[in-house]
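I opened the model to look up a few strands, turns and surface features, and kept these notes as I went.

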Amino acid sequence: MAPSFDHLPDPEEDEYDEEEELDFSDLHERFEVQLEQGLDAFVVVDGLPEVNEETKPKLVKFLMRKLNAVGKVKEDSVHMPIGDDGKSYRFAFVEYSSPAEAVAACKALDMVALDKKHTLRVNKLTDIDRYGREGRIDDNYTPPKIEDFTEKEHLRSWLADPSGRGRDQFVMYKDNGVGVYWNNEKDAPEAIVERQHWTESFVQWSPQGTFLTSMHQQGVQLWGGPSWTRQKRFAHPFVNLVDFSPGEKYLTTWSNRPISIPEDGHPALSVDDDGMNYVIWDIETGKPLRSFANLDLPSTSTDEAGQPVKRKIQWPAFKWSADDNYVARITHGTSISVYELPRMGLLDKKPIKIEGVMDFDWAPATPHREGIKTYEQLFCYWTPELGSNPAKVALMSIPSKEVVRTLNLFSVTDAKLHWQSDASFLCVKVDRHSKSKKSLATSLEIFRVREKGVPVEVVDSIKDTVINFAWEPKGDRFVIITTAEVVAATAVPPKTSVAFYCPEKVKGNFVGNFKHLRTYDKKNSNAIYWSPKGRFVIVATVHSQISSDMEFFDMDFEGEKPESDKDLTANLQLMNTAEHYGVTDIDWDPTGRFVATSASMWKHTMENGYHLYDFKGEQLREEPVEKFKQWIWRPRPPTLLTKEEQKQIRKNLREYSKVFEQEDQDRGASADAAVVENRRRLLDEWLAWRAGVEEDLKEEKEALGLPDDPLDALLGKTDESESQVIEEIVEEIVEETEEIIS
Amino acid sequence: MRPILLQGHERALTQIRYNRDGDIIFSTAKDQHACAWYAHNGERLGTYHGHQGALWTVDVDPTSTIIATGAADNTVRLWDIKSGKCLKVWEFNTAVKRVEFNEDGSKLLAVTEKRMGFLGTIVVFDIKLDLEAEQTDERAMTITCEDSKATVAGWSFLSKYIIAGHEDGTVSQYDAKTGEQLDNTQAHEPDALITDIQWSPDRTYFITASKDKTAKLINARDLEVMKTYVTDTPLNSASITPKKDFVILGGGQAAMDVTTTSARQGKFEARFYHKIFEEEIGRVRGHFGPLNTVAVDPQGKGYASGGEDGYVRVHQFDKGYFDFTYEVERQVRAQQQQQ
C-alpha cells in the first residue's frame, strides 16, 4: 500500500519533536559560561531619606560627596528609582568605575551617618543578589540554637600539685612522642600525659602556662586542663611559627606560604585572608581578627652574584605591649604600625612615621614613671644616622604617641635594645665604629625609665665588642660577654670575657650608678641564663663542639665580701661549674629552683638527652634520651599574693621550710623503705624459684638415672685423692748489698 | 681490677670461652685462628691453625680435651687442645655462627647462616670425647629455621632442650631429641637481633643479649622472661656470674657507626647488673671498640671481654667484688645461717 497523504509522517512531530524533547537543562546548567556581568562595580546604598523628583538632585549631589571619597562616581551613574507615588524607595544604585572601588565603598561607607537621622548601608549589588534573592532567606524567624552550657575544665588546676609539693611541670618532646611530666628532682620524672605524634614540628607553652601548643600542617592546636583535651584550634594552613600575647588573649600565627583559600571556602578564614602570611587570632573565641602579608625586608647585603640576600624574617614580627592592648609591627626604615585590640584597627588610622627606624621593642611591663599618673604603654626604637642627622634612640608612649625621651648618638653601626623585665631600665647596646670604620667598640646607654626625665647613664669602659647582654630579671644588675675578635662562623669558638655589673650603694631608695664588678677572662662562654627570680646566673658555652661548660654564679653570696666591692650592691661568688657535653639549651624552671640543660637532636645527634641541676649547680639527674628534641618548663602565671603577703611568707620562711624539710625526709625514708621492701620481695621470689628448680632438676635426674653431676662419670678417671698440689716457689730478692771484705 | 691485656689477635674478637676449671681461655677472632691462653697470667698456650675464614665461635668440652670452632669458611673443626691438631672437619653450605657442647660433652650443636638460598639450620653431631676415636660424619639431627634464622643456640639442663635465639628477636625451644619446636616467644623487640645466649651453671635458665639494648634472663623450661636488664646501647654479649648474683653485659655502638661518632659516646664498657634486682652496679672501661663477647670464669674468679678493637681483657675479681652485697642479701644470709 502506497502511503497516502493521510499517512505521511508529520516531520514536525516525529523528527523535530524528538530533538526538542531532549532535556539539555542539566548540561546547560553545568556548562553555562559565567559571563562577566559587570555588576561588580555596582553598590546599593540603603538608608537614604525619602525624596521626590524635585529634591532628588539635591540628595544625589549631597551623596556624591560621600561616594567620591573612595572612588569615582559620575552624577549619571547614581540611579535612584522613584515609585509610582512620586516618592523614592529610599535607596540608590551607584556604579563605580571599578569593582575594587565598589569593594572599598562597602568597607568605608557602610554604617556611616549621612545625617542625624540616616545611616548609610552600602552593599555590593552582587551580594544583595546572592544573599537576598527570594528563597535564600527564610521568612519565618527560627531562633538560633543555643548549645547547652557545659562546664569547662579548670585550666589552672595544674598549679595545685596533687602531691602538695609545689612541683613544676615540663614538656619533653623526643622522637615522635610528647609528654608532660612532674619534675621529681633526683627521681625519674612522673608522667602526667604522654602521646605519640602530638605535634608535627615542635611544642610551645603559652606565656602563663595555660596551654600547650602543638603545630600541625592544618594549623595550631592548644591543649590544657586536667585531661589534656583540645581547648582551641586555629586553622592556619602550613603554619610555621606561633606567638602569644603576654596575657594569653591573642595569638599570632605565621606561615611562609601565603594563605590560599580554596574554592569551597575555609572553616576559619575568609577570602580576605587570601595571600596573607600572618593571622592574629582571639584565643577566647578562636576567631581570626586580622591577617597580614609579609613585608619585604630591605636587604642590607648582597650575595656573590650581586643579588640581594633575603633577610630572615624577624620573629616575632608583631610585638605585643605588656597589657595585650596593642600590637605593633615595624616597616623597616619608614614607620611602626600600632594596632589597637580587640578591633585590630590602626591607632589613629595611620602608621607612626619614623624615618629610618631600624628596630623597636615594647616595654615588657607597664612602666611606672615618676610624676606620670597615666599608665601608658611605652616602646623604644632607634634610627641610624641619616645625612647630617645623628642616630637616635627614643621612647614613645602609646596611645598618646608622645616621645618621652630621645638620645642622639654618633658613629653607630648597630644598636640592640634590652629592656629590664620590670621596665625599670632600658639598655641600648651601641656598636660604634671608629672614624676609619675599621674597629668596633661597644657602649651601653642605660635609660632609667622610672626616674624623672628618664636620665641616661653611659657605660663606655668596655673596649671589646659585646656579644651578649642580659639584665637580671626583676633586678638591676647585668652580665655581658665580650670578645676582642671578630665573631665569624669558625669552628673554634672565640675567646671571650664575662663581665658583671651592678649599681653602687646609695642612700635612700635609689639605684646608684652602674659599676663594673668583676671580669673573668679567657673563656669560651657565649650565653647568659639568669634565674627567673634573679640573684643566680649561669654563664655557659652552648652549641659548641669543643667545650660545653656551665658556671653557676651567685650575685648575693652570703659569705665574706671582698673589701674592693664594699660599695657595690652585689657579692659575686662562683658556686659551681658543670659540664654537659654538646649542650644546646638551658632552661630555668619558673621558680628558679632547677635548671634543665639539654642536647637536642635538632642541633646535633651526639649524646642527646638532658641533665637536671639545682640552682647551686649540683647535678640531680642525668638521662640520655634517644632522639631528644625539646624540654620546656611550664611557665606559671604571676602570683596572686599581694606584696605584703609575699613579705609575710618570706619572714616566716623558716617555719614553713621546717614543715617541708620534714616532709622531704619522710618521703625519702618511705621511698627507701619501699625500695628495700621491693628488693626483699625479689630476693625471696628468686630463692623460692631456685629451690623449686633445683628440686625439679634432681627429680628429673633421678628419673633418668643420671648421676648428680654428669661430669663425675667423665672425670671419674682422676680420683679425688689424686688431686695434685702444685707448689710454686718464688724467690724474691729484697735487697742486695755487696761488701768488700778485706 | 687490673686487667691482663691479651694481644694475640689482629682483628675483632668474636667469642671467648673459659674451660670448666677456669684456667684456660679460648678466643676466636676474624683473623682465621683460635687462641688458647692461661687465665692466670695471660700467657699464650697456643693457636689453632687451619680455618680459611673468619672464626665466629668456639666451645670447649667439659673435660677440657677438645675444642670445636666454627668459621666463615663453612666448616666446623674439632681440635686437640694440647697438641693443636685438627681432629675433624665438617663442611656446610654456609658459615657457622655458633657451636656449643652439651653438658656432658656427648653432643655438639652448630648454627649455620642463612645465605645463598640455604636456610639457617641448627645441626647436632654425636661426639666421642676421645682423641683417638674417629668422629662420625653423620648428623644426628638437623633443625631448619624457616621463619627467622637462628643466630645463637645452646643446650639446656640434661640436654633436654635446644634453645635458640633468632634474628627477629624471638627465642625458641626445641626438643633436643626430636628437633621438634616446642615453644617460641617474642622475648626481645621485634627485629632486634639476639646476639648471645649464655647459661647459668646448672643450665636451668639463660641470659640473652640483643640489639634492642636489653638483656633478659629466661627460664629454660617455659621460656618465661624473669628479669630484664635495660642499658643505653646495643648489646653483643651477656654472661651470668657464678658465685655472685650478677650478670655482665657487653656492647656498644655498632662497629660501623663508631667512626662517625666521638669515642666518648661509644659506651664501650662492660656493665655489671645485679641479677635479681636488675640494678646496674658498675662498669669496667678499657676497650676502645664495642665489646663483642664477654665470658665468665665458671669458678667465678674473673671474667674476660673481647672487643672489636682486637684485644682480650682478662680481669681477676678483687675483694671488693666478693664483698659487695645488698643489705637485704646480708639479712637473708644471716637468717639462713641461723636456721
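**Entry 1: a covered strand**

I began with strand 13 of chain A, where both faces are covered: Y250(A), T252(A) and W254(A) on one side, and L251(A) and T253(A) on the other, are all buried. Here buried means under 20% relative accessible area, exposed means over 50%, and partly exposed lies in between, with a 1.4 Å probe and protein chains only. This is a predicted model, in which local features need pLDDT of at least 70 and side-chain atom pairs count only at pLDDT 80 or more, while totals for chains, interfaces and linings use all residues. I note that residues are numbered from 1 along each chain as its sequence is written, that chains are lettered from A and ligands numbered from 1 in the order in which they are written, and that side-chain values use heavy atoms, with hydrogens and water left out.

Strand 13 spans residues 250-254, and five of its five residues are buried. In a regular strand the side chains alternate between the two faces of the sheet. Strands and helices are DSSP runs (E, at least two residues, for strands; H or I, at least four, for helices), numbered from the N terminus, and two strands pair if DSSP finds at least two bridges between them.

I then looked up the partners of strand 13 of chain A. Strand 12 (residues 241-244) of chain A pairs with strand 13 in the antiparallel sense over four bridges, with F244(A) bridged to L251(A). These two strands form a hairpin with five residues between them, and E248(A) in the turn has a positive phi of about 60°. Strand 14 (residues 278-282) of chain A also pairs with strand 13 in the antiparallel sense, over five bridges, and the bridge partner of L251(A) there is W281(A).

**Entry 2: two open sheets**

In chain A I found an open sheet of four strands in the order 25-26-27-28, with antiparallel pairing. Strand 25 (412-419) and strand 28 (456-459) of chain A stand at the edges with a single partner strand each, so one side of each is left without a neighbour in the sheet. The twist averages 20° from one strand to the next; axes are lines fitted to C-alpha atoms, for helices over the stretch in contact, and angles run from 0 to 180 degrees between N-to-C directions. Seven bridges join strand 25 to strand 26 (residues 425-433) of chain A, and W419(A) has L426(A) as its bridge partner.

In chain B I found four strands forming an open sheet in the order 22-23-24-25, again with antiparallel pairing. Five bridges join strand 22 of chain B to strand 23 (residues 246-251) of chain B, where A238(B) is partnered by L249(B).

**Entry 3: backbone exceptions**

Most residues other than glycine have a negative phi, and most peptide bonds are trans. Which peptide bonds did I note as cis? One joins L341(A) and P342(A), with omega about 5°, and another runs from I398(A) to P399(A), with omega near 10°. P342(A) lies in the loop between strand 18 (335-340) and strand 19 (345-346) of chain A, and P399(A) in the loop between strand 23 (391-398) and strand 24 (402-409) of chain A.

H197(A) has a positive phi of about 55° although it is not a glycine, and at 55% relative accessibility H197(A) counts as exposed. L158(B) has a positive phi near 55°, but L158(B) is buried, with a relative accessible area of 13%.
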